[in-house]
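Let's take a friendly walk through a protein and look at its pockets. Have the sequence and the 3D view ready as you read.

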Amino acid sequence: MAANKKLLVLPGDGIGPEVMNEVRRVIDWMEHRRRARFDISEGLVGGAAIEAEGAPISDATMEAARTADAVLFGSVGGPKWDKLPFEERPELGILRLRKELGLFANLRPAVVLDPLVEASSLKPDVIRGLDIMIVRESTGGIYFGEPRGIHKNEAGQRVGIDTEVYSEEEIARVARVAFDLARKRRNKVTSTEKANVMQSGRLWRAVVSEVQAAEFPDVQLEHMYADNAAMQLCSRPKQFDVILGSNLFGDLLSDLAAALTGSLGMLPSATLGAVQPGGKRHALYEPIHGSAPDIAGQGIANPSAQILSFAMLLRWSFGMEEDAQMIEQAVERVLAGGMRTADIMQPGMARVGTKVMGESVLRELEKLI
Ligand code: IPM
Ligand code: MG
(Lines give C-alpha, C1' and ligand atoms only; values in the text may rest on other atoms or scores of the structure.)
(Ligands and ions follow the chains in the order given, each with its own letter.)
Protein backbone atom coordinates (compact mmCIF):
# COMPACT_ATOMS: atom_id res chain seq x y z
CA MET A 1 0.00 0.00 0.00
CA ALA A 2 1.30 3.45 -0.89
CA ALA A 3 2.49 5.63 1.98
CA ASN A 4 0.39 8.55 3.15
CA LYS A 5 0.73 11.61 1.02
CA LYS A 6 -0.07 14.92 2.66
CA LEU A 7 -2.35 16.96 0.49
CA LEU A 8 -3.81 20.39 1.26
CA VAL A 9 -6.94 21.20 -0.75
CA LEU A 10 -7.88 24.89 -1.16
CA PRO A 11 -11.03 25.18 -3.32
CA GLY A 12 -11.30 28.99 -3.00
CA ASP A 13 -14.05 31.01 -4.68
CA GLY A 14 -16.48 30.94 -7.58
CA ILE A 15 -16.44 27.65 -9.47
CA GLY A 16 -13.44 26.47 -7.39
CA PRO A 17 -15.50 24.46 -4.87
CA GLU A 18 -17.70 22.92 -7.60
CA VAL A 19 -14.87 21.64 -9.73
CA MET A 20 -12.89 20.56 -6.66
CA ASN A 21 -15.81 18.31 -5.67
CA GLU A 22 -15.21 16.30 -8.83
CA VAL A 23 -11.54 15.90 -7.92
CA ARG A 24 -12.58 14.61 -4.50
CA ARG A 25 -14.55 11.91 -6.30
CA VAL A 26 -11.51 10.98 -8.39
CA ILE A 27 -9.49 10.78 -5.16
CA ASP A 28 -12.14 8.55 -3.54
CA TRP A 29 -12.05 6.34 -6.60
CA MET A 30 -8.25 6.06 -6.41
CA GLU A 31 -8.37 5.16 -2.73
CA HIS A 32 -10.86 2.38 -3.42
CA ARG A 33 -9.67 1.09 -6.76
CA ARG A 34 -5.96 1.92 -6.85
CA ARG A 35 -5.30 1.47 -3.13
CA ALA A 36 -3.62 4.86 -3.00
CA ARG A 37 -3.75 6.63 0.37
CA PHE A 38 -3.85 10.38 0.78
CA ASP A 39 -3.82 12.36 3.99
CA ILE A 40 -6.12 15.22 2.99
CA SER A 41 -6.89 18.46 4.77
CA GLU A 42 -8.94 21.33 3.42
CA GLY A 43 -8.63 25.09 3.98
CA LEU A 44 -10.01 28.44 2.88
CA VAL A 45 -8.38 30.88 0.52
CA GLY A 46 -9.36 34.08 -1.30
CA GLY A 47 -12.77 35.65 -0.71
CA ALA A 48 -13.96 32.62 1.24
CA ALA A 49 -11.07 33.09 3.68
CA ILE A 50 -11.69 36.85 3.90
CA GLU A 51 -15.30 36.18 4.94
CA ALA A 52 -14.57 33.46 7.49
CA GLU A 53 -11.06 34.28 8.73
CA GLY A 54 -10.52 37.95 7.95
CA ALA A 55 -7.61 37.51 5.49
CA PRO A 56 -7.13 36.09 1.96
CA ILE A 57 -5.13 33.30 3.56
CA SER A 58 -4.68 32.76 7.29
CA ASP A 59 -1.37 32.02 9.01
CA ALA A 60 -2.76 28.62 10.01
CA THR A 61 -3.51 27.76 6.36
CA MET A 62 -0.03 28.96 5.35
CA GLU A 63 1.44 26.63 7.99
CA ALA A 64 -0.67 23.75 6.64
CA ALA A 65 0.66 24.54 3.15
CA ARG A 66 4.24 24.53 4.41
CA THR A 67 3.90 21.08 5.96
CA ALA A 68 1.90 19.54 3.08
CA ASP A 69 3.62 17.53 0.35
CA ALA A 70 1.47 19.28 -2.23
CA VAL A 71 -1.27 21.91 -2.44
CA LEU A 72 -4.24 21.55 -4.79
CA PHE A 73 -5.64 25.01 -5.41
CA GLY A 74 -8.95 26.04 -7.00
CA SER A 75 -9.35 29.71 -7.86
CA VAL A 76 -9.87 33.01 -6.07
CA GLY A 77 -11.67 36.31 -6.52
CA GLY A 78 -15.03 37.67 -7.62
CA PRO A 79 -17.02 40.90 -7.93
CA LYS A 80 -18.01 40.69 -4.28
CA TRP A 81 -14.47 41.60 -3.22
CA ASP A 82 -13.57 43.99 -6.05
CA LYS A 83 -13.99 47.06 -3.88
CA LEU A 84 -11.65 45.90 -1.11
CA PRO A 85 -8.45 47.89 -0.52
CA PHE A 86 -5.54 46.59 -2.62
CA GLU A 87 -3.77 45.02 0.38
CA GLU A 88 -6.84 42.92 1.26
CA ARG A 89 -7.79 41.45 -2.10
CA PRO A 90 -8.48 37.69 -2.56
CA GLU A 91 -5.65 37.45 -5.14
CA LEU A 92 -3.15 38.02 -2.33
CA GLY A 93 -3.94 34.50 -1.15
CA ILE A 94 -2.26 32.89 -4.16
CA LEU A 95 0.53 35.48 -4.28
CA ARG A 96 1.41 34.82 -0.62
CA LEU A 97 1.46 31.07 -1.23
CA ARG A 98 3.81 31.47 -4.20
CA LYS A 99 6.11 33.91 -2.40
CA GLU A 100 6.36 32.29 1.03
CA LEU A 101 6.65 28.73 -0.25
CA GLY A 102 9.25 29.88 -2.78
CA LEU A 103 7.22 28.57 -5.74
CA PHE A 104 9.30 30.26 -8.41
CA ALA A 105 8.60 28.09 -11.46
CA ASN A 106 5.10 28.13 -12.84
CA LEU A 107 4.59 25.45 -15.50
CA ARG A 108 1.66 26.13 -17.80
CA PRO A 109 1.05 23.65 -20.60
CA ALA A 110 -1.02 24.69 -23.62
CA VAL A 111 -2.09 21.52 -25.34
CA VAL A 112 -4.68 21.02 -28.06
CA LEU A 113 -6.40 17.69 -27.57
CA ASP A 114 -7.50 16.08 -30.81
CA PRO A 115 -11.23 16.05 -30.00
CA LEU A 116 -11.08 19.82 -29.38
CA VAL A 117 -9.26 21.00 -32.51
CA GLU A 118 -12.43 22.70 -33.71
CA ALA A 119 -12.87 24.60 -30.45
CA SER A 120 -9.99 26.98 -31.18
CA SER A 121 -10.50 30.30 -32.94
CA LEU A 122 -7.47 29.45 -35.10
CA LYS A 123 -7.62 27.23 -38.16
CA PRO A 124 -7.36 23.52 -37.33
CA ASP A 125 -4.14 23.16 -39.36
CA VAL A 126 -2.44 25.86 -37.33
CA ILE A 127 -3.13 24.32 -33.95
CA ARG A 128 -3.66 20.58 -34.46
CA GLY A 129 -1.25 18.71 -32.19
CA LEU A 130 -0.10 21.90 -30.43
CA ASP A 131 1.92 21.12 -27.31
CA ILE A 132 3.64 24.07 -25.65
CA MET A 133 4.97 24.41 -22.13
CA ILE A 134 5.22 27.90 -20.70
CA VAL A 135 7.62 28.32 -17.80
CA ARG A 136 6.78 31.51 -15.97
CA GLU A 137 8.88 32.96 -13.17
CA SER A 138 6.45 33.42 -10.28
CA THR A 139 8.04 34.88 -7.17
CA GLY A 140 9.84 37.94 -8.55
CA GLY A 141 9.71 40.70 -11.10
CA ILE A 142 7.13 43.44 -11.16
CA TYR A 143 4.66 41.51 -9.01
CA PHE A 144 6.85 41.99 -5.95
CA GLY A 145 9.55 44.56 -6.84
CA GLU A 146 10.12 47.64 -4.67
CA PRO A 147 9.43 50.52 -4.76
CA ARG A 148 5.76 50.13 -5.49
CA GLY A 149 2.65 52.13 -4.62
CA ILE A 150 0.73 55.26 -5.50
CA HIS A 151 2.34 58.53 -4.35
CA LYS A 152 1.90 62.24 -4.95
CA ASN A 153 4.71 64.01 -6.76
CA GLU A 154 5.80 67.65 -6.20
CA ALA A 155 3.16 68.87 -8.61
CA GLY A 156 0.49 67.17 -6.52
CA GLN A 157 -0.13 64.57 -9.24
CA ARG A 158 -0.68 60.94 -8.27
CA VAL A 159 2.02 58.64 -9.59
CA GLY A 160 1.72 54.85 -9.72
CA ILE A 161 4.94 52.86 -9.39
CA ASP A 162 5.82 49.20 -9.90
CA THR A 163 9.34 47.90 -10.21
CA GLU A 164 10.61 45.12 -12.45
CA VAL A 165 13.63 43.69 -10.67
CA TYR A 166 15.46 40.39 -11.22
CA SER A 167 18.67 39.07 -9.73
CA GLU A 168 20.79 36.73 -11.80
CA GLU A 169 20.06 33.82 -9.45
CA GLU A 170 16.32 34.34 -9.85
CA ILE A 171 16.70 34.20 -13.61
CA ALA A 172 19.14 31.29 -13.62
CA ARG A 173 17.04 28.97 -11.43
CA VAL A 174 13.88 29.33 -13.50
CA ALA A 175 15.90 29.02 -16.72
CA ARG A 176 17.25 25.68 -15.43
CA VAL A 177 13.68 24.43 -14.95
CA ALA A 178 12.87 25.38 -18.56
CA PHE A 179 16.01 23.71 -20.00
CA ASP A 180 15.42 20.59 -17.92
CA LEU A 181 11.88 20.31 -19.22
CA ALA A 182 12.96 20.91 -22.80
CA ARG A 183 15.30 17.92 -22.57
CA LYS A 184 12.28 15.70 -21.88
CA ARG A 185 10.34 17.29 -24.75
CA ARG A 186 11.52 18.64 -28.11
CA ASN A 187 14.70 20.15 -26.73
CA LYS A 188 14.05 23.80 -27.51
CA VAL A 189 13.63 26.85 -25.25
CA THR A 190 12.37 30.23 -26.45
CA SER A 191 13.27 32.84 -23.84
CA THR A 192 11.15 35.99 -23.92
CA GLU A 193 11.90 39.51 -22.61
CA LYS A 194 12.13 43.08 -23.83
CA ALA A 195 15.91 43.39 -23.94
CA ASN A 196 15.43 46.18 -26.48
CA VAL A 197 13.90 48.52 -23.87
CA MET A 198 14.36 47.03 -20.38
CA GLN A 199 17.53 46.66 -18.29
CA SER A 200 16.07 43.65 -16.51
CA GLY A 201 15.41 42.21 -19.97
CA ARG A 202 19.07 42.67 -20.96
CA LEU A 203 20.17 40.81 -17.85
CA TRP A 204 17.52 38.13 -18.46
CA ARG A 205 18.86 37.47 -21.95
CA ALA A 206 22.48 37.37 -20.80
CA VAL A 207 21.89 35.05 -17.85
CA VAL A 208 19.72 32.61 -19.83
CA SER A 209 22.50 32.40 -22.45
CA GLU A 210 25.12 31.79 -19.76
CA VAL A 211 23.09 29.02 -18.12
CA GLN A 212 22.57 27.36 -21.49
CA ALA A 213 26.24 27.53 -22.46
CA ALA A 214 27.47 26.23 -19.12
CA GLU A 215 24.89 23.58 -18.28
CA PHE A 216 22.62 22.83 -21.26
CA PRO A 217 24.68 23.13 -24.45
CA ASP A 218 22.62 20.28 -25.93
CA VAL A 219 19.36 22.27 -25.69
CA GLN A 220 18.49 24.69 -28.47
CA LEU A 221 17.99 28.26 -27.19
CA GLU A 222 16.27 31.07 -29.01
CA HIS A 223 15.67 34.63 -27.67
CA MET A 224 12.54 36.48 -28.68
CA TYR A 225 11.06 39.82 -27.68
CA ALA A 226 7.91 39.18 -25.69
CA ASP A 227 5.69 41.21 -28.02
CA ASN A 228 6.96 39.26 -31.00
CA ALA A 229 6.35 36.03 -29.10
CA ALA A 230 2.71 37.06 -28.62
CA MET A 231 2.41 37.64 -32.35
CA GLN A 232 4.17 34.39 -33.27
CA LEU A 233 1.96 32.47 -30.86
CA CYS A 234 -1.07 33.55 -32.86
CA SER A 235 0.44 33.04 -36.31
CA ARG A 236 2.75 30.01 -36.00
CA PRO A 237 2.29 28.51 -32.53
CA LYS A 238 3.75 25.11 -33.41
CA GLN A 239 7.28 26.54 -33.70
CA PHE A 240 7.42 26.63 -29.87
CA ASP A 241 8.35 23.90 -27.44
CA VAL A 242 9.18 25.52 -24.06
CA ILE A 243 8.60 29.25 -23.65
CA LEU A 244 10.39 30.94 -20.74
CA GLY A 245 9.29 34.31 -19.37
CA SER A 246 9.19 36.67 -16.42
CA ASN A 247 6.29 36.80 -13.99
CA LEU A 248 4.46 39.44 -16.04
CA PHE A 249 5.29 38.28 -19.58
CA GLY A 250 4.65 34.67 -18.56
CA ASP A 251 1.26 35.70 -17.18
CA LEU A 252 0.29 37.35 -20.46
CA LEU A 253 1.72 34.73 -22.81
CA SER A 254 0.18 31.85 -20.87
CA ASP A 255 -3.31 33.35 -21.11
CA LEU A 256 -2.76 33.85 -24.81
CA ALA A 257 -1.48 30.31 -25.34
CA ALA A 258 -4.34 28.89 -23.28
CA ALA A 259 -6.91 30.78 -25.32
CA LEU A 260 -5.36 29.38 -28.53
CA THR A 261 -6.33 25.92 -27.40
CA GLY A 262 -9.95 27.09 -27.29
CA SER A 263 -10.44 25.52 -23.93
CA LEU A 264 -9.34 27.42 -20.86
CA GLY A 265 -11.47 24.97 -18.90
CA MET A 266 -9.11 22.13 -19.89
CA LEU A 267 -5.72 23.42 -18.78
CA PRO A 268 -3.89 22.62 -15.53
CA SER A 269 -0.72 24.17 -14.13
CA ALA A 270 1.98 23.42 -11.59
CA THR A 271 4.07 25.84 -9.55
CA LEU A 272 7.23 24.36 -8.11
CA GLY A 273 9.80 25.44 -5.55
CA ALA A 274 13.44 24.42 -5.23
CA VAL A 275 14.32 20.85 -4.30
CA GLN A 276 15.34 21.04 -0.65
CA PRO A 277 17.94 18.95 1.13
CA GLY A 278 16.12 15.69 1.82
CA GLY A 279 14.41 15.83 -1.55
CA LYS A 280 11.19 17.64 -0.61
CA ARG A 281 9.95 20.33 -2.97
CA HIS A 282 7.02 22.65 -2.29
CA ALA A 283 4.47 22.48 -5.07
CA LEU A 284 1.06 23.89 -5.86
CA TYR A 285 -1.30 22.79 -8.63
CA GLU A 286 -4.14 24.87 -10.02
CA PRO A 287 -6.24 25.21 -13.15
CA ILE A 288 -5.34 28.07 -15.49
CA HIS A 289 -8.90 29.34 -15.50
CA GLY A 290 -10.09 31.72 -12.80
CA SER A 291 -13.07 31.65 -10.46
CA ALA A 292 -15.55 32.41 -13.30
CA PRO A 293 -18.08 34.20 -11.02
CA ASP A 294 -20.50 34.57 -13.95
CA ILE A 295 -21.22 30.84 -14.01
CA ALA A 296 -20.46 29.94 -10.38
CA GLY A 297 -23.12 27.95 -8.54
CA GLN A 298 -24.88 26.79 -11.70
CA GLY A 299 -23.27 23.37 -11.93
CA ILE A 300 -22.09 23.97 -15.51
CA ALA A 301 -18.35 24.61 -15.01
CA ASN A 302 -15.87 22.27 -16.67
CA PRO A 303 -14.06 20.26 -13.96
CA SER A 304 -11.39 18.97 -16.40
CA ALA A 305 -8.67 21.54 -15.64
CA GLN A 306 -8.98 20.90 -11.91
CA ILE A 307 -8.93 17.13 -12.45
CA LEU A 308 -5.92 17.44 -14.77
CA SER A 309 -4.19 19.63 -12.15
CA PHE A 310 -4.57 16.70 -9.78
CA ALA A 311 -3.01 14.43 -12.42
CA MET A 312 -0.05 16.83 -12.64
CA LEU A 313 0.21 16.70 -8.85
CA LEU A 314 0.38 12.91 -8.90
CA ARG A 315 3.13 13.05 -11.53
CA TRP A 316 5.31 15.82 -10.11
CA SER A 317 4.85 15.53 -6.35
CA PHE A 318 4.09 11.85 -5.80
CA GLY A 319 5.85 10.17 -8.72
CA MET A 320 2.61 8.40 -9.68
CA GLU A 321 3.12 8.57 -13.43
CA GLU A 322 0.85 5.66 -14.27
CA ASP A 323 -2.07 7.10 -12.33
CA ALA A 324 -1.50 10.56 -13.81
CA GLN A 325 -1.63 9.13 -17.33
CA MET A 326 -4.74 7.16 -16.54
CA ILE A 327 -6.58 10.28 -15.44
CA GLU A 328 -5.40 12.20 -18.52
CA GLN A 329 -6.56 9.41 -20.78
CA ALA A 330 -9.92 9.21 -19.05
CA VAL A 331 -10.54 12.92 -19.61
CA GLU A 332 -9.54 12.68 -23.26
CA ARG A 333 -11.84 9.68 -23.79
CA VAL A 334 -14.79 11.54 -22.31
CA LEU A 335 -14.20 14.29 -24.87
CA ALA A 336 -13.71 11.81 -27.69
CA GLY A 337 -17.05 10.28 -26.69
CA GLY A 338 -18.74 13.59 -27.49
CA MET A 339 -19.40 14.99 -24.04
CA ARG A 340 -18.93 18.72 -23.63
CA THR A 341 -19.41 21.29 -20.90
CA ALA A 342 -20.70 24.69 -22.03
CA ASP A 343 -17.21 26.23 -22.43
CA ILE A 344 -16.19 23.67 -25.08
CA MET A 345 -19.61 22.94 -26.57
CA GLN A 346 -19.63 22.13 -30.29
CA PRO A 347 -22.45 21.31 -32.71
CA GLY A 348 -23.61 17.70 -32.51
CA MET A 349 -22.07 17.06 -29.08
CA ALA A 350 -23.85 16.28 -25.83
CA ARG A 351 -23.94 19.21 -23.45
CA VAL A 352 -23.43 18.18 -19.82
CA GLY A 353 -22.82 19.84 -16.46
CA THR A 354 -20.02 19.59 -13.92
CA LYS A 355 -21.28 16.45 -12.17
CA VAL A 356 -21.97 14.41 -15.30
CA MET A 357 -18.54 15.35 -16.66
CA GLY A 358 -16.95 14.18 -13.42
CA GLU A 359 -18.98 10.96 -13.41
CA SER A 360 -18.00 10.27 -17.00
CA VAL A 361 -14.32 10.58 -16.08
CA LEU A 362 -14.87 8.04 -13.30
CA ARG A 363 -16.60 5.71 -15.75
CA GLU A 364 -13.66 5.90 -18.16
CA LEU A 365 -11.25 5.31 -15.28
CA GLU A 366 -13.16 2.12 -14.44
CA LYS A 367 -12.66 0.95 -18.02
CA LEU A 368 -8.96 1.79 -17.99
CA ILE A 369 -8.05 0.07 -14.74
C1 IPM B 1 -2.61 33.84 -12.78
C2 IPM B 1 -3.51 34.96 -12.31
C3 IPM B 1 -2.84 35.59 -11.09
C4 IPM B 1 -1.55 36.20 -11.56
C5 IPM B 1 -3.72 36.58 -10.33
C6 IPM B 1 -5.03 35.96 -9.87
C7 IPM B 1 -3.00 37.18 -9.16
O8 IPM B 1 -3.71 35.85 -13.33
O9 IPM B 1 -2.35 32.93 -11.99
O10 IPM B 1 -2.19 33.89 -13.93
O11 IPM B 1 -1.52 37.30 -12.12
O12 IPM B 1 -0.51 35.57 -11.35
MG1 MG C 1 -2.97 35.22 -15.25
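How much space lies in the second largest pocket? About 660 Å³. Keep in mind that what you are viewing is a predicted model.

To find this second largest pocket, look for Pro 109, Val 111, Asp 131, Arg 315 and Glu 328, which lie nearest its centre among the 23 residues that line it. Two or more lining residues come from each of these elements: strand E4 (105-111), strand E5 (131-137), helix H10 (304-318) and helix H11 (321-336). Where does the second largest pocket sit? It lies between domain 1 (1-104 + 273-369) and domain 2 (112-263), because both domains give residues to its lining.

Now turn to the largest pocket, with a volume of about 880 Å³. Its lining has 30 residues, and Glu 91, Ile 94, Leu 95, Arg 98 and Tyr 143 are the ones nearest the centre. Which element gives the most to this lining? That is H4, with five residues. Helix H4 (92-100) is joined by strand E3 (70-75), helix H9 (247-260) and strand E12 (281-287), each of which supplies at least two residues.

The lining of the largest pocket divides into 15 nonpolar, four polar and 11 charged residues. Domain 1 and domain 2 both contribute to the lining of the largest pocket, so this pocket lies between them.

Note on methods. Residues numbered from 1 in each chain as written. Chains lettered and ligands numbered in written order. Predicted model: local features only at pLDDT ≥ 70, side-chain atom pairs only at ≥ 80, totals over all residues. Heavy atoms only, no water. 1 Å grid on protein atoms, 1.4 Å probe; cavity = no way out; pocket = protein on both sides within 12 Å on 5 of 7 lines; lining within 4 Å. Points joined across faces, edges and corners; volume = space filled by probe spheres on them. Helix = DSSP H or I, 4+ residues; strand = E, 2+ residues; numbered from the N terminus. Nonpolar A, V, L, I, M, F, W, Y, C, P; charged D, E, K, R; others polar. Domains from an automatic or database assignment.
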